[in-house]
Amino acid sequence: MDLLGQLGNGFLIALSLDNLFYCFAGVLIGTLVGVLPGIGPIAAMSLLLPATFAIPPTGAVIMLAGIYYGSMYGGSTTAILVRIPGEAASVVTCLDGHEMAKQGRAGAALFVAAIGSFFAGTVALVGLMLLAPVMIAAALAFGPAEYCALMLLGLCLIAYLSQASVLKSLIMAGLGLVLGLIGIDSINALPRLTFDRLELLDGIGLVPVVMGLFGIAEILKNLEQGTDRTVVTAKISRLWLTSADWIASRWAIVRGTLLGFVLGILPGGGAVISSFVSYALERRISKTPERFGKGAIEGVAGPEAANNAAAGSAFIPLMTLGIPPNAVLALLLGALIIHNVPVGPTMITQRPDLFWGVVASMYVGNVMLLVLNLPLIGLWVRCLSVPYGILFPMILLLCCIGVYASSGQIFDLYVMISFGVFGWLVARWGYEPAPLVLGFVLGPMFENNLRKALILSRGSWMTFIERPLSAVFVVASVLILATALVPWINAKRKEMATEE
Amino acid sequence: MPKTIWTPTRRRFIASSSTLALAGLAAPGLAQSRFPNRPVTLIVPWTAGGSTDAGFRALAEATQKHLGERIIVENKPGAGGTLGPAQMAASARPDGYTLAQMPITMFRLPHMTRVAFNPLTDFSYVIHVAGYCFGTTVRADSPHKTMKDLIDFARANPDKVTYATPGAGTSLHITMMDIAARQNIKWTHVPFRGAAETNAAVLGGHVTAQADSSGWAPLVNAGQLRLLATWGKNRTKTWSSVPTLQESGIDIVANSPFGLAGPKGMDPGIVKVLHDAFKKGIEEPEHMRVMDQLDQEVDYMDTATYETFVKKMYEDMREQVERLNLRRS
């Protein structure tokens, strides 16, 4: 009852005219930066931060939070339409989302992404209210050994990301791991693979790599093939989901939501990891895994729900401990401090108006996002009928602006173009970019936590087995590898046997 | 007499023209260069949302009304806070439109490894701003009540005490090494990435102690972490009952003082305009309030004093690096 009363108060605050406006402004800006490739929520929020000094803290946080979860919504749009992930968490959405678009089912893909996001966002909020204390205890139990084992599990998922050859996936993932090593080593602070270039001290950026591998490579591929667009445009009349689509995606959404909610609370890329894990899970339990990568709607629904649920649960450590689990929420923490809000464990008791106001505004914001996004689907889909001669230069321009805006370095444009050409070239031999991205994202976190865990255990590898949580992840990793690799090895053996 | 754009009443005209005349005397560079006439970029070499970033965003906000142009905070983290200033020194024009925070690593790193910048010759120093509040914490249920308890325990159990810092080679890490060297004890360093991770590590019981800048403040205030000592010269305003390192019997003061600088060769007139605006910005109540909340101690120095201070700091760092044998190559 107390909870409901406080939530009621929160709604009174969130539904005041001012705060409704800030909420709307936030989710609108969030949708826009999510759709624009490369320009992420961090850029938008730091630009708008000074503007929030003039408004009350609750309004400011409502707006900034709106930008954050709004961008998670918007990120799927370009991923589906033109195979450019708006942000890193949408990389997986490209895989089947864009395939669906090619088959003329862009409307259905966008629709399921919007519904999945809405469901996940709302459920994550309920979880945020009810489970915050429990979740925090669980998150604190995660030490370096547990993180390391979780990253290992994540890396094993590579086995499920490949369309064709596990070996080729492993090669790409290995390459991603090596690329992730570039920069200052996080334990000894020594430079690695930097070739005395200042630009490489920080490693290469995720944004230019992803935009190159997916966006630029896709453009090059289409130019080469000269795809006949009439096929695509002829079939896009249907925007709604078929009942078969709905049956295929509804449980994927639920599973993605749960995964995202749990993983989102962990510091460091919870949203990205949860989207990969969700995709792998859907493919693993599917009765028809061969459809994945060729336009399976579950491959869009699950990951999209996962990254939005993760965006919601990421607020838990921020609100209850003052610990931001990702860079965007670190920015929000800075905003809270500038607005003189007592961050940390006492925030909810000291400023219940702010906490509950923001939570209630997120319900309101999720509804706004749904209302905003559903009518836009028709508009987005029509973008596909724009001739290539106009569409491609525009995409290219947006990519360049986005990459430059996110780092302010011309060097990153060269990185994007190089990875674009690289992605296009290797795709001709059946190498796919997704495993590379996974290795690139998880590799540095895996290494850092592995070494920290070994420092803490004084060099004993048993720490990964002795600690129960980490043992669970290690066993799960082994099982995943075994179930994925054994059939593949058997198949190879048979091949060789028949050749002999 | 500079032209005024609006039509003033007589009294206001006299008042404003006299201030303008005074300003003209004080800042010869102002009239001829018309600096600034576009936004000024302030490079903060740490991630957005950290305590340095929050402080500088408040300073930028407080200063821009005195400068008359927007100040844009740009986060260029990396290489222990040296990447941003080093890139600025290498590529930005010394026109006053690009400034950077100069963290202490700018003066320490050159003694430790080969770097592409020289802190004494590659920068035009503008103003010294503040220092951080560092401290050592343990979990509230820890048996260690004071810094001495922790050190005694470490002496009795070599390598048993683990401490989390926000990164290898940071002042936190090096000061903890310095403490160990002076007290002749051994403890184990576990480098995390930023305050969010070190807080979680000590709260979750994965490490014995945490050495970090005041990211622990909310948890200390809520009674979940115990602050054993702060590392400044004086006790902090917020935690006045907590002793300093010196009071705990360790003769070290560490607060990683920082200021602002541009690329070398900036016009002294422009430096003066920037210095004057930032001085007023530093003194703005809103900035002071944010700095209080971030537990950063404002420590203003004018351009000349800061330049002298930089030379001394550079030598102090050389001495520290040699004594602790931190040189890598």
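This is a predicted model: local features need pLDDT of at least 70, side-chain atom pairs count only at pLDDT 80 or more; totals for chains, interfaces and linings use all residues.
Local features need pLDDT of at least 70, side-chain atom pairs count only at pLDDT 80 or more, and totals for chains, interfaces and linings use all residues. Residues are numbered from 1 along each chain as its sequence is written, while chains are lettered from A and ligands numbered from 1 in the order in which they are written.

**View 1. Here chain B touches chain A.** On this side, 42 residues of chain B are in contact with 40 residues of chain A (in contact: C-beta atoms, placed from the backbone, lie within 7 Å). Elements giving two or more residues to chain B's side include helix 3 (51–67), helix 8 (195–203) and strand 7 (188–191) of chain B. Helices (H or I, at least four residues) and strands (E, at least two) are DSSP runs, numbered from the N terminus. Sorted by class, chain B's side has 19 nonpolar, 15 polar and eight charged residues. Ala, Val, Leu, Ile, Met, Phe, Trp, Tyr, Cys and Pro count as nonpolar, Asp, Glu, Lys and Arg as charged, and the others, Gly among them, as polar.

**View 2. Helix 3 of chain A meets helix 16 of chain A.** The axes of helix 3 (residues 41–48) and helix 16 (residues 327–338) of chain A come within 9 Å and cross at roughly 10 degrees. Axes are lines fitted to C-alpha atoms, for helices over the stretch in contact, and angles run from 0 to 180 degrees between N-to-C directions. So helix 3 of chain A is roughly parallel to helix 16 of chain A (roughly parallel is under 35 degrees, roughly perpendicular 65 to 115). Pro41(A), Ile42(A), Met45(A) and Ser46(A) of helix 3 make the contact with Ala327(A), Val328(A) and Leu331(A) of helix 16. That's six nonpolar, one polar and no charged.

**View 3. Helix 1 of chain A packs with helix 18 of chain A.** Helix 1 (residues 2–14) and helix 18 (residues 352–383) of chain A pack at about 70 degrees, with their axes 7 Å apart. That makes the two helices of chain A, helix 1 and helix 18, roughly perpendicular. Their contact has nine nonpolar, five polar and one charged residues.

**View 4. Five strands of chain B form an open sheet.** Their order is 7-6-8-5-9, with mixed pairing (two strands pair if DSSP finds at least two bridges between them). Strand 7 and strand 9 (225–230) of chain B are the edge strands, each pairing on one side only. Five bridges join the antiparallel strand 5 (residues 134–139) and strand 8 (residues 209–213) of chain B; Thr137(B) has Gln210(B) as its bridge partner in strand 8.

Definitions and conventions. Two residues are in contact if their C-beta atoms, placed from the backbone, lie within 7 Å. Angles under 35 degrees count as roughly parallel, over 145 as roughly antiparallel, 65 to 115 as roughly perpendicular and the rest as oblique.
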